[in-house]
Amino acid sequence: MGTRVILPSDNLRREDILQYSQTVCDGLRDDDDGLRREVLAHAGSRWSLGVIHTLGVYGQLRHAEIGRRMHGITQRMLTRTLRHLERDGLVVRREFDEVVPHVEYALSDSGYELLVRMVPLWTWIVENVSSFRSARERFDRKLPRDEA
């Protein structure tokens with residue numbers, strides 16, 4: 001199955017979008033070893049996307065530099081996230097054999113492609129935040145107090 005990003009500018013019919021969506025979902029369902037779902041889960045996580053964004057914006061960085069640019073991430077979580085991203089080929093780890101050895105991380109081509117594909121989603125979220133807030137307020141007003 002070839003990959004293709006569907007953007008509003010494609011002027012596709014609703015049926016075409018739903019059919020394509022079903023094809024993608026079928027591919028996830030047919031994932032016999034769980035790899036597709038696993039990559040989707042961690043690549044969609046807050047920390048993974050933060051690392052991908054940070055490396056995309058700032059380029060190749062050391063572990064500590066990534067941590068300084070990502071507010072709230074622990075060293076342990078950053079290490080774990082980098083390992084997952086490296087394992088799936090989204091991040092490249094480079095070791096420098098110098099007097100003081102060090103390691104730096106950079107986005108792979110696949111990592112950069114993920115970043116490019118996530119930007120429209122992030123843009124959509126930012127542009128629609130007031131709509132989400134209003135929907136939550138309407139929903140919360142309908143709930144009994146003990147369920148809120």
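Biologist: What makes strand 3 largely enclosed by the rest of the structure?

Modeller: Five of the six residues of strand 3 are buried, so the rest of the structure largely encloses this strand. Buried means under 20% relative accessible area, exposed means over 50%, and partly exposed lies in between (1.4 Å probe, protein chains only). One caution before we go on: this is a predicted model, where local features need pLDDT of at least 70, side-chain atom pairs count only at pLDDT 80 or more, and totals for chains, interfaces and linings use all residues. Residues are numbered from 1 along each chain as its sequence is written, and side-chain values use heavy atoms, with hydrogens and water left out.

Biologist: How many helices and strands does the protein chain have?

Modeller: The protein chain has seven helices and three strands. Both kinds of element are DSSP runs numbered from the N terminus: helices are H or I with at least four residues, and strands are E with at least two. Reading from the N terminus on, the order is α-α-α-β-α-α-β-β-α-α. Of the 148 residues in the protein chain, buried ones make up 22%.

Biologist: How do you know that strand 2 and strand 3 pair?

Modeller: Two strands pair if DSSP finds at least two bridges between them. Strand 2 and strand 3 (residues 102-107) have six bridges, in the antiparallel sense. Within this pairing, Arg94 is opposite Glu104, and Glu95 is opposite Val103. Five residues lie between strand 2 and strand 3, and the two strands form a hairpin.

Biologist: What about strand 1 and strand 3: over how many bridges do they pair?

Modeller: Strand 1 and strand 3 pair over two bridges, again in the antiparallel sense. Here Arg62 stands opposite Glu104 of strand 3.

Biologist: Which strands are called edge strands?

Modeller: The sheet is open, with its three strands in the order 1-3-2. Strand 1 (61-62) and strand 2 (91-96) are the edge strands, as each pairs on one side only.

Biologist: Which helix lies across strand 1, strand 2 and strand 3?

Modeller: That is helix 3 (residues 46-58), running at about 95° to strand 3. Axes are lines fitted to C-alpha atoms, for helices over the stretch in contact, and angles run from 0 to 180 degrees between N-to-C directions.

Biologist: How do you know that the span of helix 3 agrees with its number of residues?

Modeller: The expected span is 1.5 Å times one less than the number of residues. The 13 residues of helix 3 should therefore span 18 Å, and its end C-alpha atoms are 18 Å apart, which agrees. Gly59 follows helix 3 and has a positive phi, near 80°.

Biologist: Why does Thr54 count as buried?

Modeller: Thr54 lies in helix 3. Its relative accessibility is 3%, so Thr54 counts as buried. Other buried residues of helix 3 include Trp47, Leu49 and Ile52. Not counting residues up to four places away in sequence, Thr54 touches Gly59, Leu61, Ile66, Arg69 and Met70; contact means heavy atoms within 4.5 Å.

Biologist: What lies 2.8 Å from a polar atom of the side chain of Thr54?

Modeller: The backbone oxygen of Gly50 does. A polar contact is a pair of N or O atoms within 3.5 Å; within protein, one must be able to donate a hydrogen and the other to accept it, and residues adjacent in sequence count only if both atoms are side-chain atoms.

Biologist: Where in helix 6 does a kink lie?

Modeller: A kink of about 30° lies at Met118, shortly before the proline Pro120. The bend at a residue is the angle between axes fitted to the seven residues ending there and the seven starting there. Met118 is one of the buried residues of helix 6, with Gly111, Leu114 and Leu115. These buried residues pack against helix 2 (35-43), helix 3 and strand 3.

Biologist: And Asp109: why is it called buried or exposed?

Modeller: Asp109 is found in helix 6. At 72% relative accessibility, Asp109 counts as exposed. The C-alpha atoms of Asp109 and Val91 are separated by 8.6 Å, with the two residues 18 apart along the chain.
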